[in-house]
Amino acid sequence: GYLNNTQGKNAARINVSSSFYDNDFEIPVPKNLVSRTILTDRYIKSLQEHGILWIHGSLSTGKTSIAVCISKKLAGTIIWVECRSIEEEQLIEHILNAISINLQINPCITDRFKAVVVKLTKNLTIDTTIILNDLPKLTPARKYKDRLSYFLGEIINANSTVLVTSNFLAPESFIDLDDLPIIHEEIPPFTTSETSDLLMTFGASEDVRNCLKAILTSSTQGNP
């Protein structure tokens, strides 16, 4: 089912259907993963200090890879929600569906939207990190942003954290109006050393890495 409005904002209802989506919400396993240890450690510190880390950058800059690296170093429970190709109007249902499946809570829920969010967040452990990977751009309309903002706020209230990757910044209203503890981080380009590490994952010899790392880093503007 879909989110529907009936007689105003507070009457929004949700029917989360496990058959609506065909992906399995597993943490991806990139074939050629570079740990970027210094960057990963800095991001983890920001996540733990603020509660919501919003990593943004253009296409093919390694946002998903860095999210995977972060997930490998966090000690608590990880819930990965792949948001790529999800339409804005389906986003919050998709997120709640993924969490309900992970928590093994009946995903076929018909209830008021806020009640669903509260039910799910009550079942989170305090060391849970929810990763929303490749979040789409939200339109200026407040409806979808309001729902996502409420969800993020309840996650923080449950003493859990949220890692977002997106091509876009968080809506200004999330910080200015909703007072969400979001810290933005723009993913930086690869250094020559990191490009060398990437080449190593392909089995390149030291001589090949030394020959190509500067060229690849420069020609791809740090996004090899």
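Helix H3 (91–102) is the biggest contributor to the lining of the largest cavity, giving 3 residues. This is a predicted model, in which local features need pLDDT of at least 70, side-chain atom pairs count only at pLDDT 80 or more, and totals for chains, interfaces and linings use all residues. Residues are numbered from 1 along each chain as its sequence is written, and side-chain values use heavy atoms, leaving out hydrogens and water.

**The cavity**
- The structure holds 1 cavity of 30 Å³ or more; a cavity here is a set of points on a 1 Å grid, over the protein atoms alone, where a 1.4 Å probe fits but cannot get out.
- By type, the lining has 6 nonpolar residues, no polar ones and 1 charged; Glu counts as charged, Leu, Ile and Tyr as nonpolar.

**Aromatic pairs**
- The whole structure has 2 aromatic pairs, meaning ring centres within 6.5 Å, with planes under 30 degrees apart called stacked, over 60 edge-to-face and the rest tilted.
- Trp-54 and Phe-174 pair edge-to-face, 6.4 Å centre to centre with 70° between the planes.
- Both Trp-54 and Phe-174 are buried (under 20% relative accessible area; exposed is over 50%, partly exposed in between, with a 1.4 Å probe and protein chains only).
- Phe-113 and Tyr-150 form a tilted pair at 6.0 Å and 55°.
- Tyr-150 is partly exposed, at 22% relative accessible area.

Methods. 1 Å grid on protein atoms, 1.4 Å probe; cavity = no way out; pocket = protein on both sides within 12 Å on 5 of 7 lines; lining within 4 Å. Points joined across faces, edges and corners; volume = space filled by probe spheres on them. Helix = DSSP H or I, 4+ residues; strand = E, 2+ residues; numbered from the N terminus.
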